[in-house]
Amino acid sequence: MKSFHPDDKKRSVNDFFSKKVFSPQSSSTLNNTTSAQSRATRIPLKPNVQGRPTGPINRAATRSTNNQKLAPKNPALKIVDWVVKLSIYLTAFLLPLFFLLNVPSVFGISKQLLLSVIIGVGFLAWVGQMAWRNEIRFRNNFILIPVVVWLGIYALSTIFSAYREQSLWGYFGGEGEAFVTLLFFVAGFLLIFNNIQGKKESFLLAFTLLIGGAVASILGLMSIYGFSGFYFVITVGSVYAFSFYAAALFLLAQGMFLSKTSGFVRAASFIFSILFAYVLVVINLKLTYLGLIICLIVLLGITIARGRVEQNRGKILPMVFLVIFALLTLLKVPIIKTNLQGEPVLAQGASFSIALKSIKQKPLLGFGPANYDHAYKLGRPINKGVEYWIDNYSTGASYFLTLVSTTGILGALAFLFLVGSGTVYFFREVVRTIATRHENRTDGGYIFLGVGLTWFFLTLVLFFYPANITLLMLWWFSLALFLVLSSFNSDEAAKEFVTNSATPKSSLVLSFVFVLAIIGLVAAIYLQSQKFVAAIKFNQALTMQISDSNKLEELAGKIEQAIQIDPNRDVYYRNMSNVLFAIANQRVVEKGQDLSADDSAFVSNMIIGAKQAVDQARLLDLTNADNQVATAQVYEGVLLTMDDADQKAIEFYQNALKYDPFNAVLYQRLANIYLTMADVEIAKNQASGAGEGKPQLSEEANKNLALAKEQAEKALSIKPDFSPARFLIVGIYERRGEIAQAIEEEKRNKQIFFNDPLIPFRLGLIYYRDKDMSEAKKEFESALVLDNNYSNARYFLGLILDEEGSRQGAIEQFKKIAELNPDNEEVKKIITNLESGRKALDGLQQSANMEQPIRSQNEKELDEEQPSVSDESTSQDQLMINPDFERQQIPEEATPSQEQLEGNVSTESSEEDSEENNN
C-alpha cells in the first residue's frame with residue numbers, strides 16, 4: 001500500500017525524483033485503509049512529559065505504522081533530525097573517496113576514522129533525539145535479529161581473540177575486519193533503516209551513492225591511465241575491489257534508470273551506467289562479469305514478468321549490457337589493454353583447507369577478527385607454490401572463508417543467518433513485485449530491485465573475495481535501503497518498537513541506557529582518533545626510512561611517540577627493537593671495537609631497550625610468530641659475546657615454530673645458529689693447534705653440524721628448492737671435510753638453479769680449495785657465461801690463469817675487474833704485479849672472505865633485488881623499518897648479561913598466563 005506522509009500533501013516532494021501524481025482512486029483507498037487501521041488499533045493514550053501521546057505506560061509496544069514519522073515540532077529536534085540524515089548522505093558520498101597519505105594504511109585507517117566520526121555523530125544525534133523524547137523508538141523487522149546475533153558473535157570472538165586489540169581495531173590494511181568497523185556499520189544500518197523516510201529521501205540516498213561512486217570511478221580511471229597530480233588514485237582500494245564496486249553501482253544505476261523518476265535522474269543514471277560499465281571493461285575481471293550476468297538475468301526476468309502490468313521501453317538497456325558482458329566473458333583478449341597487475345589473493349582451495357584446520361584448533365569463535373594471519377601460519381599449505389611458504393596472507397580467498405577462520409563456527413553460522421535472511425527477504429519481495437498489479441509496486445519498483453540486486457551482487461562477492469571497508473559500506477547501506485524501500489512497496493503497514501516511561505524509576509533506567517550508549521560511542525570515536533594520530537607518527541618513521549635513514553635516534557623518537565599515544569600495537573614495539581639495535585650497531589661502527597666506558601654503557605642500554613620492546617610485543621600477542629622471531633634476533637645480535645645467547649635464540653625460534661610450523665625460513669635460521677656454534681668450536685680447535693690436514697672436529701662441533709643439517713633438511717621438506725638451505729648443507733659437508741659429497745650436492749644445485757651464476761661460482765670455489773684447478777676453471781668460466789660482469793668469478797679465474805703461466809690472460813681478467821671496480825686497490829696492485837712479471841698475489845694476502853673478495857656494483861644491485869632471509873620471515877601485512885646499517889659484532893664489554901636482559905621485564909609468567917587464556 002502506498003505510504004502516506006504529512007509532506008505528501010505538497011507537490012514539491014516528488015517533483016525531482018518522481019513523475020507520479022496521486023489519483024483520486026488511490027487517495028481514497030489510502031484514506032479508507034488508514035481509517036480502518038486506526039479503528040482496529042485504537043487504545044487509550046496518555047500524554048507524556050513532552051505532551052505527546054504514548055502507548056501503555058512503562059511498557060514496550062510493537063505497533064503498526066504507515067511508515068509515518070512524527071515530525072519534530074521542536075526546532076532543536078528538527079536540527080537533530082537534519083544532522084542524522086546528513087551523516088548518512090555524507091558517509092555514502094565521502095567514504096569511497098576519502099583517503100589520507102600520512103598514515104600507513106592509506107585506504108584503511110583513514111576510512112575507518114571517517115566512518116567512526118560521521119556515523120558516530122549521526123548515531124549520537126539519533127540517540128539524543130530519543131532521549132529528549134524520553135523514548136526508544138525504532139522500526140521492527142525480522143532482519144534485526146540476525147544483525148544483532150552477528151554483532152554479538154563478533155563481539156564474543158573479539159573478547160576471546162588471540163590478539164584482542166587487533167581484533168578490536170584491525171591491523172594496518174585490514175581495518176575492515178575490525179569489530180569497531182562492524183559496530184559503526186551496524187550503527188549506519190540502523191540510522192538508514194529508522195531515519196530515511198519516504199521515497200524522496202530513499203532516492204536521494206541511492207543517487208548520492210551513485211555520485212560518490214562516479215567521482216571515485218573517474219579518479220580511478222585517471223590513475224589506471226597513468227595521470228599524475230591531483231588525487232588520481234583508485235580510492236576504493238585495490239583494482240579488484242574497484243571492479244566489484246563499479247559493478248554493484250552499475251546495477252543500482254540500472255534500477256534508477258528503469259524507475260519512474262524525473263528525466264534528469266534517468267539521464268544521469270544512464271551516464272552512470274556507461275561510466276561504470278567502462279570501468280568494468282578496463283579492469284576486465286571475469287568474475288565480475290559472471291556476477292553481473294546473473295543479476296541482469298534476474299532484473300530482465302522481472303521486467304518481462306511485469307510486462308503485462310506496465311510498458312517500459314528502457315528495459316532494452318539492461319538487455320544490451322547483458323549481451324555485452326556475456327561476450328566479454330568469452331573473449332580471451334581484453335578490448336582495452338592496460339598495465340594492471342593481478343592481486344596476490346590466496347587460492348580458494350588453500351583458504352578452504354586453512355579454514356578446516358582453524359575449526360579444529362579454534363572451533364567456536366576462531367582466532368578472532370583481523371587475526372587471519374595466525375590461522376594462516378598454523379595451516380599454510382606446503383609444496384604448493386612459492387607464495388605459500390614465503391608469503392603470510394592476512395586474509396583468506398574470500399570474506400566468508402576469512403570469517404570461518406577468525407570467528408569460528410558460530411561466526412560463520414551467524415553470518416549465513418544474516419545473508420540467508422536477507423536473500424529470502426529479497427526474493428520474497430521480488431515475487432510479490434511480480435505478482436501484484438498495485439501501482440505502489442509499479443512506481444519505484446525498479447529502484448527497489450536495483451538496490452536489492454546491488455546487495456545481492458555484493459553478497460555473492462563476499463563468498464569469492466576479501467572485501468574492504470568501501471565494499472562493506474555499500475553492502476550494509478544497500479541492505480538497509482532495500483528494507484526501507486520494501487516497506488514502501490508492502491501492502492502491510494510497517495511495525496515499530498516503542499518503549500517510553502513516565503515514572504521516575506523507569507525514566508532513570510531509560511536515561512541510563514541512553515547515557516551508556518552515548519559514552520560508549522564517544523569513547524570509540526576518541527580512541528579511534530587517538531590511534532589515528534599514533535599511526536601518523538609511525539608513518540613519519542616509515543618515511544624517514546626512505547628519506548633519511550641515518551637519523552636513527554630521531555627515528556626512534558617518532559616510534560616512541562606512536563607508542564605513547566597507542567601502546568597496544570605490537571608492530572610498533574617490533575620496529576622499536578629493530579631501530580634500537582641499529583643505534584647500538586651505529587655506535588660500534590663510529591667508535592670501533594675499543595669502546596669507552598660511556599660508549600659501552602650506551603650500546604648496552606640500547607640492546608636492553610631492544611629486548612624490552614620485543615618483550616612488550618610478546619605480551620601483547622604471544623601467539624604471533626613475528627614477535628618470537630624479533631626476540632630471537634636480539635639474542636642473535638650478541639650471539640658470540642653473551643653466554644647462552646645461542647640457546648635463548650634457539651628457544652625463541654622454536655617458540656615461533658609453534659605458531660608458524662611450516663615456515664622454511666625459521667628452520668633455516670635455526671640451522672644458521674647451529675652452524676655458527678659449530679664454527680666457534682672449529683675455531684677453538686684450530687687455535688689450539690689441532691686439526692692439521694683433514695679437519696678433526698670435536699664432538700660438540702659434530703653435534704652442532706648434525707643439528708644444522710637436520711634443520712636445513714626440514715626447511716627443504718617444506719620448500720625443496722630453498723636455496724639458503726641447500727647452500728648450507730654444502731657448507732656442512734665442506735666443514736666435515738667431505739668434499740666429494742659437497743661437490744655432488746652443489747652439482748644438484750646447479751641443475752635446480754641452472755640460470756644462477758652463483759652456483760657454478762660456488763662449485764668452482766670447492767674445486768679451487770681442493771686444488772683441482774682444471775675443474776675450478778671450467779666452473780668459473782660457466783659462471784661468466786651466465787654473467788659476464790661477475791667480478792668474483794673473474795678474480796679466481798685470473799688467479800688460475802696466473803698459476804698456469806697464462807699471464808696475459810690473467811691481466812685481461814683483472815683489467816676487466818678494474819673497470820667494474822675502479823676503486824679497488826687490491827686489484828690495481830695485482831695488475832701491477834702481473835705486468836711486472838711477478839705472481840698476482842705477491843705482497844698481498846688473499847681476501848679472508850674467499851667467496852666474495854670483490855663486490856662489483858652489478859653484484860650489489862643483484863643482491864638488493866633478492867629478498868633477504870629476514871625479509872622473508874616477516875608478515876606481508878606488517879610494516880617493518882629496516883634501517884640501513886652494517887651489522888657489527890658487539891664488543892664483549894658492551895654486551896649486557898643475560899640477567900640484565902631477562903631482569904628488565906619478567907615475561908615468563910605472563911606468557912604462561914597469556915597462553916592459557918588463548919587456549
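**Helices, a patch and a salt bridge**

Modeller: In this predicted model, helix 12 meets helix 15: Gln348, Ser351, Phe352, Ile354, Ala355, Ser358 and Ile359 on the helix 12 side touch Leu401, Val404, Ser405 and Ile409 of helix 15. The residues of this contact divide into 7 nonpolar, 4 polar and no charged.

Colleague: How are the two helices placed, and what angle do they make?

Modeller: Helix 12 (residues 348–361) and helix 15 (residues 399–435) pack at about 5°, and their axes are 8 Å apart.

Colleague: Why is helix 12 called roughly parallel to helix 15?

Modeller: Angles under 35 degrees count as roughly parallel, and the angle here is about 5°, so helix 12 is roughly parallel to helix 15.

Colleague: What makes up the nonpolar patch on the surface?

Modeller: Ile304, Ile316, Met319, Val320 and Ile324 form it, with about 440 Å² of accessible area together. Helix 11 (residues 316–330) gives the largest share, 4 residues, and Val320 is found in that helix.

Colleague: Why is the pair Lys85 and Glu201 called a salt bridge?

Modeller: Their side chains meet at 3.9 Å, N to O, and the cut-off is within 4 Å, so the pair qualifies. The structure holds 33 salt bridges.

Colleague: What does the pair of Lys85 and Glu201 tie together?

Modeller: Lys85 lies in helix 2 (residues 75–94) and Glu201 in helix 7 (residues 198–224), so the pair ties together parts that are 116 residues apart in sequence.

Methods. Residues are numbered from 1 along each chain as its sequence is written. This is a predicted model: local features need pLDDT of at least 70, side-chain atom pairs count only at pLDDT 80 or more; totals for chains, interfaces and linings use all residues. Side-chain values use heavy atoms; hydrogens and water are left out. Axes are lines fitted to C-alpha atoms, for helices over the stretch in contact, and angles run from 0 to 180 degrees between N-to-C directions. Angles under 35 degrees count as roughly parallel, over 145 as roughly antiparallel, 65 to 115 as roughly perpendicular and the rest as oblique. Contact means heavy atoms within 4.5 Å. Ala, Val, Leu, Ile, Met, Phe, Trp, Tyr, Cys and Pro count as nonpolar, Asp, Glu, Lys and Arg as charged, and the others, Gly among them, as polar. Patches are made of residues with over 30% relative accessible area and no salt bridge: like charges are joined within 9 Å, nonpolar side chains (Val, Leu, Ile, Met, Phe, Trp, Tyr) within 5 Å. Accessible areas come from the Shrake-Rupley method with a 1.4 Å probe; for residues, only the protein chains shown count as cover.
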